[in-house]
Amino acid sequence: MSVLTEAGSLIIGVEHGGELHKDFEIREQLVMDSIAVFEDPATAERAEKSDAYFGVALMASRIIRLGSIPKEAITAEMLMGMHQRDYNELVAADGRLAEKRSRFQG
């Protein structure tokens, strides 16, 4: 089974390394993503206490690209510092992925 992705652009952008990063690509959520959040010492304790944090950590793990920010720097902590409108763009892209998956025949 292939994993679908969705690209988009943030409205405001995330500052990192003195640059503003807007273009992103996320992939579909896989079972391993949920497990990884609880197995990662950096996210496990907080994710157990907060569904909202769990969701943000899950989203961070699914981002393939956010501008030229290194993948390892794309964390729940980074996403929590972004503008809500930008996070809403990620959520909308996730919705588009679900729609794509429902139509995908391959």
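Analyst: Happy to, and please keep in mind that this is a predicted model. Let's start with a term: a salt bridge is a side-chain nitrogen of Lys or Arg within 4 Å of a carboxyl oxygen of Asp or Glu.

User: What makes E45 and K49 a salt bridge?

Analyst: Their side chains meet at 3.3 Å, N to O, and the cut-off is 4 Å, so the pair qualifies. Both residues lie in helix α2 (residues 44-49), 4 residues apart, about one turn of the helix.

User: Why is E45 called exposed, and why K49?

Analyst: The label exposed needs over 50% relative accessible area. E45 has 53% relative accessibility, so E45 counts as exposed. K49 has 65%, so K49 counts as exposed too.

User: What makes E77 and R46 a salt bridge?

Analyst: The N to O distance is 3.6 Å, and the limit is 4 Å, so this pair also counts. E77 lies in helix α4 (residues 76-80) and R46 in helix α2, so the pair ties together parts that are 31 residues apart in sequence.

User: Why is E77 called partly exposed?

Analyst: Partly exposed is the range between under 20% (buried) and over 50% (exposed). E77 is at 46%, so E77 falls in that range. R46, at 43%, is partly exposed as well.

User: How do you know that R62 forms a salt bridge with D94?

Analyst: The closest N and O atoms are 2.6 Å apart, and the rule asks for within 4 Å, so R62 and D94 are paired. R62 lies in helix α3 and D94 in helix α5 (residues 84-103), so the pair ties together parts that are 32 residues apart in sequence.

User: Is R62 buried or exposed, and what about D94?

Analyst: R62 has a relative accessible area of 2%, and the label buried means under 20%, so R62 is buried. D94 is at 28%, so D94 counts as partly exposed. Elsewhere, salt bridges that share partners join E6, R96 and K100 into one network.

User: How many salt bridges does the rule give?

Analyst: The count comes to 9 salt bridges.

User: Which helices supply at least two residues of the lining of the largest pocket?

Analyst: Those are α1 (31-39) and α3 (51-62). The largest pocket has a volume of about 160 Å³, and its lining includes D33, K71 and A76. By residue type, the lining divides into 6 nonpolar, 3 polar and 3 charged.

Technical notes:
Residues are numbered from 1 along each chain as its sequence is written. This is a predicted model: local features need pLDDT of at least 70, side-chain atom pairs count only at pLDDT 80 or more; totals for chains, interfaces and linings use all residues. Side-chain values use heavy atoms; hydrogens and water are left out. On a 1 Å grid over the protein atoms alone, a cavity is a set of points where a 1.4 Å probe fits but cannot get out, and a pocket is an open set with protein on both sides within 12 Å along at least five of seven lines; lining residues have an atom within 4 Å of a point. Grid points are joined across faces, edges and corners, and a volume is the space filled by probe spheres set on the points. Ala, Val, Leu, Ile, Met, Phe, Trp, Tyr, Cys and Pro count as nonpolar, Asp, Glu, Lys and Arg as charged, and the others, Gly among them, as polar. Buried means under 20% relative accessible area, exposed over 50%, partly exposed in between (1.4 Å probe, protein chains only).
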